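Thanks for coming. I will go through one structure this morning, starting with the chain as a whole and then moving to a few places in it.

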Amino acid sequence: MSPSIPLQEMIRAIRSARTQCEERGVIQRECAAIRAQFRQSDSESRSHNLAKLLYVHMLGYPAHFGQMECVRMIASPRYSEKRVGYLGAMMLLDEKQDASLLITNSIKNDLSHSSQYVQSLALCTLACIGSAEMCRDLAPEVDRLLRASNSYIKKKAALCAIHIVRKVPELGELFAQTARSLLVEKHHGVLHGAVVLITELCGCNPETLERFRKTVPDLVRIMKGLVTSGYSPEHDVAGISDPFLQVRILRLLRMLGRNSEEASDAMNDLLAQVATNTDSTKTVGNAVLYETVLTVLDIKSESGLRVLAVNILGRFLLNNDRNIRYIAMTSLQKIVVTDNIAVQRHRGTIVDCLKDADASVKRRALDLSLALVSASNIRSMMKELLVFLSSCPPELRAEAASGIFNAAEKYAPSQRWHIDTILHVLTTAGGDVRDETVPNLILLITSASELHCYTVHKLYRALFTDISQQPLVQVACWCIGEYGDLLLKGECQEMEPVELTEDSVLDALETVLQSHMSTPVTRGFALTATMKLSTRITQNVDRIRSIVSIYGSCMDVELQQRAVEYNALFQKYDHMRAAVLERMPVFEKNSPGHTDGESTGDGGIKEVDRVKQREVSLPPQQPANQVCNLLDLLGDSEEPVHPGPAQGGTAPGLSNNPVRPAGEDLLDLLGGFEPTPATPAPTASIYQKNGVTLTLACEKHSDAGLTVTLTASNSSDSDVTSLTLQAAVPKSVHLHMKAPSGDMLPARGTAQVTQLVLLSNPNKVNLKMRIRISYSSQGSAVQDTVQVDSFPGVAV
């Protein structure tokens, strides 16, 4: 290939290459010819060779060897060579390369050139690749050009000044006075550059922002001229006069009017005029209206103007363009807290967006619909949300169910409505609800004593219909175990009477136990419910005993242990069975939507709150070595159980002694409802980051033994997943970590994760512990390490 072929022929040869290897060969031969000519002093072909090299660079091939040629051509007195040289510098150089410093002097000379086109080339190059050092050296020259009489140069200088302010913010004071004087220009390009420059200056320095508040009348005047001006072919876009300049002015007004009563009052009339006179049928008009809405909502505007802004967003919701609807709902989500009444007027349109085919629009509509739920519209809004839940995408079910639960908890008009709503959610999307849903619903059912009969009948029918929704099955099994006698009586007035037999109820529970869809936790619920029915029915106790005995050899260790304990109740401690399996006491709720404690083995019910404590008279303490201590099943029952022949005293579960033998909890069917200790263990916060808090509590149970409880909570607005805690201690200390209660922290502290760490320090060394916490938050993995040098309340 001839090295002197024109650019067009080289492009044609490259495009005609049939393979990448052939294309590479063409480019390598041409680059070799360009290198050879760069070493010669032929000035006629320099610009053509550099132009070919820039095309090669655009294709992604190396072209760095042409950097020095760019520097030489920039210094050339010929405009044609300067133009290609500056273009090559902007493409091949950046501020990190030393070669860019070599053109500083050439740019300074060209900024004083007599030709406006040479000056514009220098300004564009400085605005593109100017480093901080170049900006400091050439800023006075740029300021001088901002005062020039040529509008073409002023526009280029304003753009260059924006780059200088972004690169070196302290140079902003140099351009402040000049930028303000540019607002009197009539050339739209100069006005656009001036507005952007003032916006950058205000963002860099709060003092400059205060000074530029005085320019609000000038900006209002310019904006009014754009809104009221007639048709101008030079600036008209779809019937809007220079929408780009209008958007820039509105953004600057938003910045100047924020937290300023005087500036906001000066622009209220203008914003009302723009909001009412701008055509909303075109995308260009919608862009201007959207910026107007954001400005109205961000400044100290009048209440009527804010209502007008919300109404504009309401019109956006009716737009056929999904992007516009998405933007409207995003904006409404931000203001629903402050202007809830204004947003409520568009509730019907927002709810209709739940039916949109686009997943992103559905998600925004769901968030906004949940935010609009109040005590006055809870029934109507919940009907719409439940309909949406039945047909929403799988990725939205968990969020929708959680939002419905929170709204029902906060605004429920009655307990029956509350229970019906949660049961409907469990029936529709039971597999997607959070873990705390089951204990919270059990807590609600327990507190509604007048609805026990209605609830157990409804849950039995749901269980008979579908056993695939595990949370629903767990609650149903719990209710059948607690209120099975009410189910068998069939005296529920709220529902149609259904004749049930003891066999049919036991068949339902046995179906759950044998179903392949049942999880180990669900089987634990069903097994405990079956055991509790032994005190609520009279004719099928032998069948219950046989069902329980079958699971004494179950592969699942938890079910096996419970079955063995229940068999022991039938065989050795039958006199205690009625008291042990009596109904659960009413819980005393600490705070809505929160749970305390961990999942227990007998059905996996989380300990939601402390049991109500009742005063009882306590006979003398039972000796610790009595066998009844191993099978104390009473926990905190309301009435003391009379001792049998082997007891010789009252049940030790009613003792005030907080320290009990290890075997005492083997048959604790009440889920760990223990008496509250007189003095809680002292705690200390050892980690707090990204909303995740880790606290440490200690309890010393012997001279060398120490139990450390690590509790993690999450106060942020997003769930934390994959939570892992690891601990390390000195070599002479023995450490054993129990299994954690979970690996996910729901948002806003609705649940906690706890982990027990057992330490044995026989040599009495100085005890220290290093804890590593790992988790995922908002899609990013976090790993931190904390050092614990002192343990609260324990002298080790």
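I start with helix α23, where L396, A400, A401, S402, G403, I404, F405, A407 and A408 are buried. Keep in mind throughout that this is a predicted model. Helix α23 runs over residues 394-411, 18 residues in total, and spans 26 Å from first C-alpha to last, close to the expected 26 Å at 1.5 Å a residue.

What covers those buried residues? The cover includes α21 (359-372), α22 (378-391), α24 (415-429) and α25 (437-447).

Take α21 from that list. Its axis and that of α23 come within 10 Å and cross at roughly 5°. Angles under 35 degrees count as roughly parallel, so α21 and α23 are roughly parallel to each other. On the α21 side the contact is made by A359, K362, R363, L366, D367 and L370, and on the α23 side by E395, L396, E399, A400, G403 and I404. By type, the residues of this contact are six nonpolar, one polar and five charged.

Now the chain as a whole. There are 32 helices and 10 strands in its secondary structure. The chain has 796 residues, and 50% of them count as buried. If we take contacts between residues at least 6 apart in sequence, 66% join residues at least 24 apart.

Next, the cores. The largest nonpolar core holds 176 residues, and V142, I164, F175, I249, L332, L426 and I480 have the most contacts inside it. The helix that gives the most to this core is α27, residues 470-489, with 11 residues. There is also a second, separate core of 26 residues, which includes L696, Y775, V786 and F791.

Which residues does F175 touch, leaving aside those up to four places away in sequence? They are A139, V142, D143, L146, A161, I164, V165, L197 and L201.

L332, another residue on the list for the largest core, is in helix α18, where it is buried along with I324, R325, A328, M329, T330, S331 and I335. Helix α18 covers residues 322-335, which is 14 residues, and reaches 20 Å between its first and last C-alpha, close to the 20 Å expected at 1.5 Å a residue. Its buried residues pack against α16 (283-298), α17 (303-317), α19 (340-344), α20 (347-352) and α21.

S718 sits in the loop between β5 (705-714) and β6 (720-728). Is S718 buried or exposed? Its relative accessibility is 18%, so S718 counts as buried. Beyond four places away in sequence, S718 touches A747, S777 and Q778.

P77 is in another loop, between α4 (67-74) and α5 (79-92). P77 is exposed, at a relative accessible area of 77%. P77 and D110 are 33 residues apart in sequence, and their C-alpha atoms are 9.9 Å apart in space.

Last, two backbone angles. Most residues other than glycine have a negative phi. N259 has a positive phi, near 65°. N259 is placed in the loop between α14 (243-257) and α15 (261-277), and with a relative accessible area of 63% N259 is exposed. S722 also has a positive phi, near 55°. S722 belongs to strand β6 and, at 43% relative accessibility, counts as partly exposed.

That is what I have for today.

How values were computed: Residues numbered from 1 in each chain as written. Predicted model: local features only at pLDDT ≥ 70, side-chain atom pairs only at ≥ 80, totals over all residues. Heavy atoms only, no water. Core = buried A, V, L, I, M, F, W, Y, C linked by side-chain atoms within 4.5 Å. Buried < 20%, exposed > 50% of the residue type's maximum accessible area, 1.4 Å probe, protein only. Helix = DSSP H or I, 4+ residues; strand = E, 2+ residues; numbered from the N terminus. Contact = heavy atoms within 4.5 Å. Expected span 1.5 Å × (residues − 1). Axes fitted to C-alpha atoms, helices over the stretch in contact; angles between N-to-C directions. Parallel < 35°, antiparallel > 145°, perpendicular 65-115°, else oblique. Nonpolar A, V, L, I, M, F, W, Y, C, P; charged D, E, K, R; others polar.
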